[in-house]
Amino acid sequence: MFNACIIGTGSALPEKALLNSEIGEFVDTSDEWIVRRTGIKERRISLKEGEGTADLAALASQKAMEMADVSPEELDLIVVGTVTADRLVPSAGCMVQQILGAQNAAAFDISAGCSGFLYALTTVKNATCSGACKTALAIGVDRISTILNWKDRGTCILLGDGAGAVVVKASEKETGILSSHLKSDGRLWELLYSKEGNSYVPECLEGLKPKSSYLVMDGNRLFKKAVNSLTDIANQALKQNNLSGEDISILVPHQANMRIIQATAQSLDIPFEKFYINVDRYGNTSSASIPLALDEANRKGLIKKGDYVMLITFGAGLTWGSTVLRWCF
Ligand code: COA
């Protein structure tokens, strides 16, 4: 058995920053309302050619591989958490593989809403620990703007586009990913779902009926469920690793919105100062939110070798999860 160590992080964002005031031009909202209820000031939206889901994911991956000093040929696995692959077929993973030139890898996608990255990381960890692969990419990417209803002020203010990636390597050292807890509850799928889209409506039978694959959300119920689930899964991880909140050096939560993060911090025995937050600048970037924040924190020098790092996530499905790691480099 090997341990799975993160040895490089990377992220990529579209150039276009969409301000709250700009959203106020097409729905009835205001910068003041959005900041007070969510903490979000702006988010990135991919509008340009060359800023597709696979392009952003590949850019984030290249940065992580550069940090890890890993060549494309060394990769034997690429797992992408996303709900907005550029195409229904093939997977974003295979398109990333092609852009990177990682011809020795197996590549595929995982759909777990905003929890996509932790599901991808856990899959990579299990493959690495079992010896099935040596060097892998776990990616979280979404261009969630492509499935937003820009007339629904309850959802379109919350989300943004982005990508994050980590390189994971098999190691015999004691550090690395210590635990992964993943959960889902399909009974609650209707709290956050895409309206129609993909193959639910048999379009060949429905003729020219236009697609409406935008997101539909019950914000109030999601809020409570998110806080409870994140708290439970974080406590479970602390218990399994025999750690207290004091032992955690940095906690990177899914950047759903500031009030969810604050409420989770309050119900956990972990000081709010240890939470890394960038939701004000990027909104909720779905699967990308944790690897994007992790990369920022890492590049700012906020994570040191030997630190205990906790990642907690929550998303459509419903899905949620946690990962605890001992930083390797
Ligand atoms: N601008 C202005 N007013 C808005 C608005 C907006 N963008 N969105 C909703 N409102 C209005 C509502 O219409 C409602 O008006 P009413 O009282 O006249 O009916 C009022 O604000 C309160 O709406 P409510 O939904 O109760 O607000 P809230 O405090 O619950 O905040 C969310 C809404 C979406 C910010 C909040 O529920 C939330 O953060 N939920 C979690 C969502 C999330 O993170 N999902 C992803 C999980 S991965």
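Predicted model: local features only at pLDDT ≥ 70, side-chain atom pairs only at ≥ 80, totals over all residues.
Five strands form an open sheet with mixed pairing, in the order S1-S7-S6-S4-S5. Strands S1 (3-12) and S5 (106-110) sit at the edges, each pairing on one side only. From one strand to the next, the twist averages 20°. Inside the sheet, S4 (residues 77-81) and S6 (residues 135-142) pair in the parallel sense over five bridges, and Ile-78 stands opposite Leu-137 in S6.

| Helix | Strands touched | Angle |
|---|---|---|
| H4 (residues 92-100) | S4, S5 and S6 | about 140° with S5 |

Now for the cores. The largest nonpolar core has 46 residues, of which Ile-248, Leu-251, Phe-275 and Met-310 touch the most other members. Elements that each supply at least two residues include strand S11 (248-253), helix H9 (258-267) and strand S12 (308-315), while helix H8 gives the most, with eight residues. Among the residues that Leu-251 touches are Leu-268, Ile-270, Phe-275 and Met-310. A second, separate core of 32 residues includes Val-79, Leu-118, Val-252 and Ile-303.

Finally, have a look at Asn-284, in the loop between helices H10 (279-282) and H11 (289-299). The side chain of Asn-284 reaches the backbone nitrogen of Ser-286 at 2.8 Å. Asn-284 also touches residues including Ile-40, Cys-114, Leu-158, His-254 and Gln-255.

Notes. Residues numbered from 1 in each chain as written. Heavy atoms only, no water. Core = buried A, V, L, I, M, F, W, Y, C linked by side-chain atoms within 4.5 Å. Buried < 20%, exposed > 50% of the residue type's maximum accessible area, 1.4 Å probe, protein only. Helix = DSSP H or I, 4+ residues; strand = E, 2+ residues; numbered from the N terminus. Contact = heavy atoms within 4.5 Å. Polar contact = N/O pair within 3.5 Å; in protein donor to acceptor, adjacent residues only side chain to side chain. Pairing = 2+ DSSP bridges. Axes fitted to C-alpha atoms, helices over the stretch in contact; angles between N-to-C directions. Lists of a residue's contacts leave out its neighbours within four places in sequence.
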